[in-house]
Amino acid sequence: MCIKSIPRAIGVFYMYGPDNSVKTALFIFALLIYVLTGSISIAQKKYETGDIEYEFKKTENFTTTALSDILLLPKEKYFNRINLEEDIQRLNKFYFDNGFFDVIIDTVTNVIEEDMEINVKFIIIENTRYTIKEVRLQGLDSIGQNVMNQIASNKLINAGEPYSKTQINLEKDRIINILQNNGYFYAQIDTVISRLDSSRRGIIIGKYSEEVQKNPEFKDKVLLRMRFIGTREVYRIGKVAIEITNNRYGIENGVIERELLFKEGDIFNRSKLLESERNFGKLAIIQLGRVLPDTVYQESRTIPMNVNITLNKKYELTPRISVVYQSNRLFGGAGIEYKDKDFFGGGRVFTAGVEGLYNSVDINNIELSLSIYQPFLFRNNITATLTTTFGLYNFSEQIEFLYSQNLLRTTYYIADYTFYNNAFLDFTFDYIRKRAKENYLDVLEDDTTFVVKGTRLYSQNSILGLTLIHNNANNLFNPSKGFYHSITAESAGLLPRLLSLFNKSINYSQYVKLYTNNNFYFDISGDRATTIFASNFELGDIIEYGSGDNIVPVQLLYKF
């Protein structure tokens, strides 16, 4: 504005100035150059984005952190007015999507010349948050009662709740999943606008007129309507074709078939397709497994399925270096691991590895471990792992442990809809030899014993443990919502106690160990998953019980 208006005024003065003298013309020309160059220099100044502040009138329903995560201005070093205008639109959309249809947003900018900054203040009048008066589901007239009962249970939106676009989309997806899990292959939201009937649209949010809102029953409320299509025909699974790309290891189709949760003739269920793909993750020999529908046959209403498998390399040799902090000591080490991902067929995995850890000449550890993983035990939701470890652990300058640990772990996948999704059942039988490398005093709670160099103490231990796991975090690797919870109960000494009835020289520990691990994730950025607060809480205890000549204190290997 400045650049356009000033030269125009000078031009008028030049045309109508007295005598049109050369001096006057030179003066005007010099003044014009000065103004133009000064204006250009001002235009070329770059101001940094300063403080972003918020001023709420009446109510404040969202934190300033959540609002700032939406904006682009705080993420840019230099102030840009276009970004400011787009940020205003972003805030308006954010409030609208959360039911604040009458929100008013204004801005005030303050230029700080000394710091070359522009501070921005957003003035927000949220006004009333609209709630849902009624939810209408259309296009479900031909749906069976069993499916309708599934849709009616565990609803994510209900009358009387605040409007939320996110929740509405989640509810839409939930209903479509239920329909597609019950044979309605083409079930989806209707997005086609009919010329004859404009009400035939997928999701309609109806805001009542001002006249209707005079009735308190409809004041600040909306009508939500969802229309579904593809809900008349039920489809079934057709023939299932398995294709293993470059099957150089001779993997049998039966190994793949046992992980499928569907067969020819079953009602189409999209969740079972996804769960079958997840089952392939148990097989280390499979790099990628996809279950995809083939051509849909409308006459027979069947859908053939293609199962496409890509294989990993069967053998794997992995060297590694490690830094470990345990027992208040820092260890450095190296190891190597060999893996056969289809050991004698069936998708089972054999693993052998050796690792050494070093702290000093007197304190070090070396372990050899052998493991067999069985991905299918009676059913495809039960797996088993047998691990044997042999180790020599120089725990200190005075004590050396020679041990053999044997673990049988059975994993049972329960279900997604139960609180505890997975369960581990562990059974161990361990042998430990403790040797005194030199004379030392063994200090216990109520007794002190002088241990002579060369003394050997033998003990056995058997542990029976159960772990239950609940995990409703929304992402396995980068969770932003939900929590992980596990609880473990172990009982030690049962089997050695029975064996001690026949062999009085067996020493063992008797104890109960309780342990819980909990991780919580909170999205404080307004469902944008950009700012996450995470916390971890662990609690455990070991309770020793029993007395007798054969019972020894809990060994260091089993303590927290």
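Let's start inside helix α6, where I168, E171, K172, R174, I175, I176, I178, L179 and Q180 are buried (under 20% relative accessible area, 1.4 Å probe, protein chains only). Helices here are DSSP runs of H or I with at least four residues, strands are runs of E with at least two, and both are numbered from the N terminus. The cover over these buried residues includes β4 (131-138), α5 (145-152), β5 (188-189), β6 (203-207), β7 (221-229) and α8 (270-280).

## About the model

This is a predicted model, in which local features need pLDDT of at least 70 and side-chain atom pairs pLDDT 80 or more, while totals for chains, interfaces and linings use all residues. Residues are numbered from 1 along each chain as its sequence is written, and side-chain values use heavy atoms, leaving out hydrogens and water.

## The nonpolar cores

A nonpolar core is a set of buried Ala, Val, Leu, Ile, Met, Phe, Trp, Tyr and Cys residues joined through side-chain atoms within 4.5 Å. The largest has 23 residues, of which I256, F280, V291, V307 and I309 touch the most other members. Two or more residues each come from β8 (236-245), α7 (253-257), α8, β9 (286-293) and β10 (302-311), and the largest share, five residues, is from β10.

Which residues does F280 contact, leaving aside neighbours within four places in sequence? With contact meaning heavy atoms within 4.5 Å, F280 meets I256, E259, L260, I286, G289, V291, V307 and I309. Another core, of 21 residues, lies apart from the largest one and includes I151, I168, I178 and M226.

Definitions and conventions. Buried < 20%, exposed > 50% of the residue type's maximum accessible area, 1.4 Å probe, protein only.
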